[in-house]
Amino acid sequence: MSTELRYVYAVCRPFDAPLQAELVGVEGRPPRLLRHEDLTAVVGAVPEADFAEGPLRAHLEDLDWLTATARAHERVVAALTTVTSPLPLRLATVFRDDSGVRSMMQEEQGRFRWALGRLAGRVEWGVKVYADGAPEPRPETRLSGPGAGTGSGRAYLQSRRARRDAQDRARQRAEAFAERLHGDLARHAAAARVHPPQNPALSRVPGVNILNSAYLVDRSASEDFVERVDRTKDEEPGMRVELTGPWAGYSFTMPSDEGPAGQEEAGR
């Protein structure tokens, strides 16, 4: 019979609400709660044959396996977010047994308590701003065929310059809009972080990602925060604002330098 390891999804403060009866996580296994002093780990059993160091390293190179595991991990964390404010752990955090999980909580208790204090009663919202590409000016003539001469060459260069200038103006307008939006949203959040723009080749989302940010918001203020974002969606032509959440506070689990008014900006 295969030995089972302990997969840890998150650490929480003890809570009374039961987990969803039908909730399953990695490997289709239901999670359970493991208490240690004033901390609770949410764990699930996983087979050693797949999650020991060697097999796990190989699995992490398998995109299909990785995607399925990440979705199961997020499913459990999302369910926790409806009943408490969890501190999510990294994907594929695995220990030999319950004792190993308790030892981890003992060693990390200071950081866990700090993070759980920050996340208590709060959720994360994500905001992305995309700029549609500037339209290419229609050239007056084309550089093709034996009749292409000096005039057509000048028109072609002017067309390229006009297109580049239009794109520069569109990007400057988008960056100014994103900066104003981020500043306003950060003032209405407990903390904020700006992540690097998404790679369009990976995200497959149209437009240029100008702002990719996260905001830690009190649950009681979330409705107002969402309305504030919604009011900006038609504010600037050519800009697209996307809101995601609420999530567990993935972006706010580690201490970092803080700026004015307790706001943070850090790349990820």
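The model is a predicted one, so local features need pLDDT of at least 70 and side-chain atom pairs count only at pLDDT 80 or more, while totals for chains, interfaces and linings use all residues. Residues are numbered from 1 along each chain as its sequence is written, and side-chain values use heavy atoms, with hydrogens and water left out.

Of the 268 residues, 40% are buried, where buried means under 20% relative accessible area with a 1.4 Å probe, counting protein chains only. The accessible surface comes to about 15,000 Å², and carbon and sulfur atoms hold 50% of that; the areas come from the Shrake-Rupley method with a 1.4 Å probe. Among contacts (heavy atoms within 4.5 Å) with a separation of 6 or more, 78% join residues 24 or more positions apart.

Strand 3 has antiparallel pairings with strand 1 (residues 4–12) over 8 bridges and with strand 2 (residues 32–36) over 5 bridges, pairing being called when DSSP finds at least two bridges between two strands. Pro47 of strand 3 has Glu4 opposite, while Leu39 has His36 opposite. The hairpin of strands 2 and 3 leaves 2 residues between the strands, and Glu37 takes a positive phi near 55° there.

Then there are the nonpolar cores, meaning sets of buried Ala, Val, Leu, Ile, Met, Phe, Trp, Tyr and Cys residues joined through side-chain atoms within 4.5 Å. The largest one has 22 residues, and those with the most contacts inside it are Val127, Val129, Leu181, Leu185, Tyr215, Phe225 and Val241. Two or more residues each come from strand 6 (122–131), helix 6 (150–187), strand 8 (208–218), helix 8 (222–230) and strand 9 (239–247). Helix 6 gives the most, with 6 residues. Setting aside residues up to four places away in sequence, Leu185 touches Val127, Tyr215, Phe225, Arg228 and Val229. A second, separate core of 19 residues includes Val11, Leu39, Phe112 and Leu119.

Terms used
Buried < 20%, exposed > 50% of the residue type's maximum accessible area, 1.4 Å probe, protein only. Helix = DSSP H or I, 4+ residues; strand = E, 2+ residues; numbered from the N terminus.
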